[in-house]
Every structure is written in C-alpha cells, then in structure tokens.
Amino acid sequence: MAAINVLEVEFKVLEVLAYLFEQFYNADGLPDMSQLARKLSLAGFEGEEIHDALAWLSELKQIDVAAYQQLDTTTLGFRSLHPMELERLSEDAAAFLYSLDATKILSAGERELVLDRVWREPDGEVALERIKLLVLMVIWQKRDALSNLLIEELLFGREGFALH
C-alpha cells in the first residue's frame with residue numbers, strides 16, 4: 001500500500017512540474033516560492049502537491065553540478081552499473097537509465113549525478129517513476145533541444161495525464 005501512495009505523490013509532483021514547464025520554461029525563471037505557491041493554488045493544485053513540487057524545485061537549486069561536469073571533459077568507456085546500484089533500481093528503472101546512457105541523452109556526468117541522487121533516496125528499490133523524477137531534476141536546467149524533448153516525454157507522455 002505504501003508503494004502506491006509514493007507513486008501517487010510522484011505522479012502528482014510530475015503533474016505540477018508539467019504545469020510549471022508549460023507555464024514558465026521559456027521565461028527567464030520562476031517567480032519566488034510564495035508567489036509560485038499562490039499561482040499553483042489558483043491553477044487547482046492542492047497544498048501537499050504544491051509543497052512537494054516546491055521542495056523538488058528547492059532541491060534542484062541546491063545541486064552543485066560542477067564536479068559532475070568534469071566527467072564530461074574526459075573520454076570514458078562503457079559504464080556498467082555495480083551490483084549494489086542495480087539492487088537499488090527496479091528492472092524498469094535500470095533499463096530506462098541504460099537507454100538514456102546508450103543514446104547519449106544523459107552525459108557521463110549527468111548519469112553519475114542521477115546515480116548519486118538514487119543513493120540519497122530512502123532505503124528500498126527506486127521505481128521507474130522515481131528515476132524519471134531524478135532524471136528530470138538533472139536535465140531541467142539544460143535547456144537544449146534534446147533535453148526539452150525528454151522533459152516533454154517525461155512530463156506529458158504518460159497515460160492518465162491531464163493538464164490543469
């Protein structure tokens with residue numbers, strides 16, 4: 001039952017992020033958090049959804065990507081996941097991460113950042129929806145064409161999704 005609740009929360013966070021992407025992605029930035037909370041409330045989102053999405057955005061701002069970007073300046077060979085990493089990921093989540101790596105949608109640094117975020121997750125298996133949120137967190141600020149397509153797929157390419 002707890003797994004269903006977590007998936008529901010993640011789905012709702014994705015809905016709020018989809019709204020934010022649609023409304024503010026081409027803008028210079030997001031409004032301050034209190035103003036953003038009011039706008040989300042007016043758009044029909046509920047308190048917990050708003051809180052979780054704002055927490056997600058706050059965490060996004062705190063990520064220091066400089067160390068990870070150094071990985072992108074060197075030529076690395078194939079990176080396979082360590083058995084302990086595979087243990088943390090659901091089969092679908094691992095396959096998704098492999099596909100992003102194989103197609104070079106994620107750079108080496110971005111992949112490692114996603115994997116580091118996986119280790120920060122509470123104990124237990126990280127499901128596909130959660131890995132999508134982590135990938136979204138890593139690529140949200142890139143603002144290139146390929147990243148935009150992936151963001152749109154992650155946010156809008158889901159069954160049962162409805163825009164507010």
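Mentor: Start with a cut-off: buried means under 20% relative accessible area, and exposed means over 50%. Keep in mind that this is a predicted model.

Trainee: Why is E112 called buried?

Mentor: E112 has 15% relative accessibility. The cut-off is under 20%, so E112 counts as buried.

Trainee: What makes E112 and R79 a salt bridge?

Mentor: The closest N and O atoms of E112 and R79 are 2.9 Å apart. A salt bridge needs a Lys or Arg side-chain nitrogen within 4 Å of an Asp or Glu carboxyl oxygen, so the pair qualifies. E112 sits in helix 7 (residues 108-120), and R79 in the loop between helix 4 (66-69) and helix 5 (83-88). The bridge therefore ties together parts that are 33 residues apart in sequence.

Trainee: How many salt bridges does the structure hold?

Mentor: The structure holds 7. One of them joins E121 and R130, with closest N and O atoms 2.7 Å apart. E121 is also buried, at 15% relative accessibility.

Trainee: What is the N and O distance for E129 and K132?

Mentor: The closest N and O atoms there are 3.8 Å apart. The limit is within 4 Å, so the pair counts as a salt bridge. Both residues lie in helix 8 (residues 128-139), 3 residues apart, which means about one helical turn between them. K132 has 15% relative accessibility, so K132 counts as buried.

Trainee: How do you know that the span of helix 9 agrees with its length?

Mentor: Helix 9 has 12 residues, 145-156. At 1.5 Å a residue it should span 16 Å. Its end C-alpha atoms are 16 Å apart, so the two agree.

Trainee: Which residues of helix 9 are buried?

Mentor: S147, L150, I151, L154 and L155. They cover an arc of only 125° around the axis, which puts them on the same side of helix 9. The face turned away from that buried side carries the exposed residues A145 and L149.

Trainee: Why do residues three or four places apart point the same way in an α-helix?

Mentor: An α-helix has 3.6 residues a turn, so such residues point the same way.

Trainee: What makes up the protein as a whole?

Mentor: It has 9 helices and 0 strands. Buried residues make up 41% of its 164 residues. The accessible surface is about 9500 Å², and 53% of it belongs to carbon and sulfur atoms. Among contacts with a separation of 6 or more, 69% join residues 24 or more positions apart.

Trainee: What is the mean pLDDT, and where is the pLDDT below 50?

Mentor: The mean pLDDT is 79, and 83% of the residues reach 70 or more. Over residues 159-164 the pLDDT is below 50. That stretch has 14 contacts in the model beyond near neighbours in sequence. Where pLDDT is low, the predicted coordinates should not be read in detail.

Methods: Residues are numbered from 1 along each chain as its sequence is written. This is a predicted model: local features need pLDDT of at least 70, side-chain atom pairs count only at pLDDT 80 or more; totals for chains, interfaces and linings use all residues. Side-chain values use heavy atoms; hydrogens and water are left out. Helices (H or I, at least four residues) and strands (E, at least two) are DSSP runs, numbered from the N terminus. The expected span of a helix is 1.5 Å times one less than its number of residues. Buried means under 20% relative accessible area, exposed over 50%, partly exposed in between (1.4 Å probe, protein chains only). The arc is that of the directions from the helix axis to the C-beta atoms. Contact means heavy atoms within 4.5 Å. Accessible areas come from the Shrake-Rupley method with a 1.4 Å probe; for residues, only the protein chains shown count as cover. pLDDT is the predictor's confidence in each residue, from 0 to 100.
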